[in-house]
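Subject: Structure handover and findings

Dear colleague,

I am handing over the structure below, together with an account of what was found in it. Please read the notes with the structure open beside them.

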Amino acid sequence: MKPHVLVAVNGFTEQHMERIRQALSGWASMERIDEETSESVFREKISKSHIVVGWPKAEWLAGSPVRLVQLGSVGYDAFLGNKHQDDPSFTLCNASGVMSVAVAEHLIAMMFALTRRISHHIRDMSKHSWSRQSEYEEVYGSTACIVGVGDIGTEIARRLRLLGVRTIGVRREIGESHPYMDEMYSSSRIKEAVAKADHVILILPGNAQTEKLFDYKMFASMKNGAYFYNLARGSIVDENVLHAALISGRLKGAGLDVFEVEPLPMESPLWEMDNVIITPHSGGRSVKEFDRFCHLLLNNLMNYREGKPFLNQVNL
């Protein structure tokens, strides 16, 4: 019986789909649906599929013949703590690496916008106001702490080193030295690491272990006047504490791409803050995103066919 592939990725162009059809020719069938398809229809399609591509909800796969899910995102929190981790025939692959360059560039843009006061001047443009800020900073010679040293953290560190920024990395276990980090700390010493930094950059997965990791004690550990950036998951940060740290001046500014509730509620006080840059979970978006995703998918389809190890397989 031929495996059946269900593709629910609106961002794929017809050229991407033709490449996928050619890769499946002769050994698998394929169907494409809108990623916003209703739950009932999506579940019905999943019940007849062996490979699903996109962002299916974990609970929709229960009792299905699906053997491989290729996610279109890096995060896989919803697949943790359910029956999938007990099924040795089920494989989950994420999109690690697909968005790394875009997120790294997004972070660099936020750093320059905050330190060079670009966000203030953009606001002034609407008022036709020619007004210099009292202080402009340089990222050159500063220290950045990257909390989460995976593909994205590595791409960020690579760029910061070229800008003359000293880099500190935090990850679960230090292991061997990192080519783009001046120092490495284990996660058990995270407060020591953030205390040294002018810029604290959060790139961690969201899960039970990281929920509200950045609480009052964590922000209190940071250098007075530091900048904070979250391009990871909103669940990792206590937004009330973050807001208080920004109001008090403990933090000089923040670049935020993710939030506890998305879209960010209209009543959130973060909207009104001059020292905060808000973007709508768009850090990974890029005109090259789906080219990279398609390339990853094609590799994993061939690996499925040939029984080879998958790229980006998640250890559930």
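Predicted model: local features only at pLDDT ≥ 70, side-chain atom pairs only at ≥ 80, totals over all residues.

I begin with helix α1 (14-24), where H16, M17, I20, A23 and L24 are buried. These residues lie on the same side of α1, because they cover an arc of only 120° around the axis. On the face turned away from that buried side, α1 carries the exposed residues Q15 and Q22. The cover over the buried residues of α1 includes β1, β2 (29-32) and α9, and just after the helix G26 takes a positive phi of about 90°.

Helix α9 comprises the 18 residues 289-306, and since these should span 26 Å at 1.5 Å a residue, the distance of 26 Å between its end C-alpha atoms agrees with expectation. Its buried residues are E289, F293, C294, L296, L297, L298, N300, L301 and N303, and among the elements that cover them are β1 (4-7), α1, β3 (51-54), β4 (68-71) and β5 (91-93). Just after α9, G307 has a positive phi of about 70°.

Turning to the strands, β3 is covered on both faces, with I51 and V53 buried on one side and V52 and G54 buried on the other. Strand β3 pairs with β1 in the parallel sense over three bridges, and V52 in β3 has L6 opposite it. Strands β3 and β4 also run parallel, joined by four bridges, and here G54 stands opposite L71 in β4. In strand β5 you will find T91, which is buried at a relative accessible area of 10%; leaving aside residues up to four places away in sequence, T91 touches R67, L68, V69, F310 and Q313.

Strand β10 is mostly covered, five of its five residues being buried. A226, F228 and N230 are on one side of β10, with Y227 and Y229 on the other. Four bridges join β10 to β9 (residues 199-202), and the two strands run parallel; within this pairing, Y227 in β10 is the bridge partner of H199.

In soluble globular proteins, nonpolar side chains tend to be buried together. The largest nonpolar core here has 49 residues, of which F12, I20, V53, I156, L160, I201 and Y229 touch the most other members. The elements that give two or more residues to this core are β1, α1, β3, α3 (100-115), β6 (143-147), α5 (151-162), β10 (226-230) and α9, and α3 gives the most, with eight residues. Not counting residues up to four places away in sequence, I156 touches A104, L107, I146, I201 and I203. Apart from this core lies another, of 33 residues, among them I190, V200, L202 and A232.

What about the cysteines: how many disulfides does the count come to? A disulfide requires a pair of cysteine sulfur atoms within 2.5 Å, and by this rule the count is zero. For C294, the closest cysteine sulfur is that of C93, and it is 15 Å away, so the two are too far apart for a bond. C294 is buried, with a relative accessible area of 0%, and C145 likewise counts as buried, at 0% relative accessibility.

Finally, some backbone details may deserve a look. Most residues other than glycine have a negative phi, and most peptide bonds are trans. Against that background, a cis peptide bond joins E262 and P263, with omega about -5°, and P263 has its place in the loop between β11 (251-256) and β12 (276-278). H281, in the loop between β12 and α9, has a positive phi near 50° and is partly exposed, with a relative accessible area of 32%. N312, in the segment after α9, has a positive phi near 60° and is also partly exposed, with a relative accessible area of 23%.

With best regards

Methods. Residues numbered from 1 in each chain as written. Heavy atoms only, no water. Buried < 20%, exposed > 50% of the residue type's maximum accessible area, 1.4 Å probe, protein only. Expected span 1.5 Å × (residues − 1). Contact = heavy atoms within 4.5 Å. Arc of directions from axis to C-beta. Pairing = 2+ DSSP bridges. Core = buried A, V, L, I, M, F, W, Y, C linked by side-chain atoms within 4.5 Å.
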